[in-house]
Amino acid sequence: MIITEGIVLKERFSGEHDKFIDILTKDRGIIEICVKGARKINGKSGSSAQLFAYSKFCIDLRKNMYFLNSAEPIHIFYGLRNSLAALSLASYFSDILRYCIQEKSDGENIIRLFLNTLHFLEKGLRSEKQLKAIFELRLMSETGFMPDVLVCRKCGTFEPQELYFNVPDGSFVCKDCFSGEYNNFFSVKLPVLSAVRHIVLTDFDRLFNFRVSEETLEILSEFAEAYIQAHTERSFNTLDFYKSLKGK
Ligand SMILES: [Zn+2]
């Protein structure tokens, strides 16, 4: 028997009784578990295996498939269900994770990022726009695609007042050095660069602790989405749905 902690990213019902859940674990990346008789399980094991439940799972491995033996809830993000927008945003995060995370990847930081983001989302402690930008940029960094945000690629300036991000690799050149060499670029001011640096470089304890103006947040959020799209090279229905709710 395998014991692991994880959070349910997706559930799919199968036939009349069973379901499959994808869970993001600390130690095995994302795994798919078959929950036999899911529609009849009540109590702890039932609630522990529903969408966005963070639980301790006891799993059996048979014929290369995982089967749920039992589960104990650690935290269930019930609060997300009070807001369709928050639930949709969490579903978009799940989709990106299911797309980006390999079974063998180290899930410790990634699960921490996801749990913390859901916590702030559930409690409404940060704006959705800020949480989305944090999640997108930090996830890319944790999965090996950290933008190269240290200095201007050409002159080494650390704090240019105006600069141009090259979206595909997240590097930048300052305004003085820019000569139109990028196809997919964002023109931004220093506060956006500072926010991106904070998100990708700071310790987890301080990750969510920054404030920016509405204008900076708007551009930060557009950049974060463009950056993740450049890397995943696909669209997500959950993101389209979320944006439709927001009237975009
Ligand atoms: Zn420069």
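# A chat about a barrel and its neighbours

Modeller: In this predicted model, five strands form a closed barrel in the order E1-E2-E3-E5-E4, and their pairing is mixed. Neighbouring strands of this sheet are turned by 50° against each other on average, if direction is ignored.

Biologist: How many bridges join E4 to E5?

Modeller: Strand E4, residues 53–62, and strand E5, residues 65–76, run antiparallel and are joined by ten bridges. Within that pairing, Asp 60 has Phe 67 of E5 standing opposite. As background, strands of a sheet pair through backbone hydrogen bonds, in either a parallel or an antiparallel way.

Biologist: OK, helices now. Which strands does H2 lie across?

Modeller: H2 lies across strand E1 (2–14), strand E2 (18–25) and strand E3 (30–35), and its direction runs at about 110° to E1. Helix H3, residues 108–123, also packs on the sheet, where H3 touches E1, E2 and E4 and makes about 60° with the direction of E1.

Biologist: And what is the reach of H2 from its first C-alpha to its last?

Modeller: H2 covers residues 84–100, which is 17 residues, and reaches 24 Å, close to the 24 Å expected at 1.5 Å a residue.

Biologist: Which residues of H2 are buried?

Modeller: The buried residues of H2 include the run Ala 86, Leu 87, Ser 88, Leu 89 and Ala 90, and also Tyr 92, Phe 93, Ile 96 and Leu 97.

Biologist: Switching topic, how is the chain divided into domains?

Modeller: The assignment gives domain 1 as 2–76 and domain 2 as 79–147 + 181–245, and the C-alpha centres of the two domains lie 26 Å apart. Their contact takes 14 residues from domain 1 and 16 residues from domain 2, and on the domain 1 side the elements that give two or more residues are E1, E2 and E3.

Biologist: What about E6, which strands is it joined to?

Modeller: Strand E6 (residues 162–166) runs antiparallel to strand E8 (residues 185–189), with five bridges between them, and Glu 162 has Lys 189 as its bridge partner in E8. E6 is also joined by four bridges to strand E7 (residues 171–174), again antiparallel, with Leu 163 opposite Cys 174. The hairpin of E6 and E7 has four residues between the strands, and there Gly 170 takes a positive phi near 70°.

Biologist: Last one: which element has the lowest mean pLDDT?

Modeller: That is helix H1, residues 43–48, with a mean of 74, whereas helix H5, residues 190–201, has the highest at 97. The chain averages a pLDDT of 92, and 96% of the residues score at least 70. Where pLDDT is low, predicted coordinates should not be read in detail.

Definitions and conventions:
Residues numbered from 1 in each chain as written. Predicted model: local features only at pLDDT ≥ 70, side-chain atom pairs only at ≥ 80, totals over all residues. Expected span 1.5 Å × (residues − 1). Buried ≥ 20, exposed ≤ 12 C-beta atoms within 10 Å, placed from the backbone. Pairing = 2+ DSSP bridges. Axes fitted to C-alpha atoms, helices over the stretch in contact; angles between N-to-C directions. Contact = placed C-beta atoms within 7 Å. pLDDT = per-residue confidence, 0-100. Domains from an automatic or database assignment.
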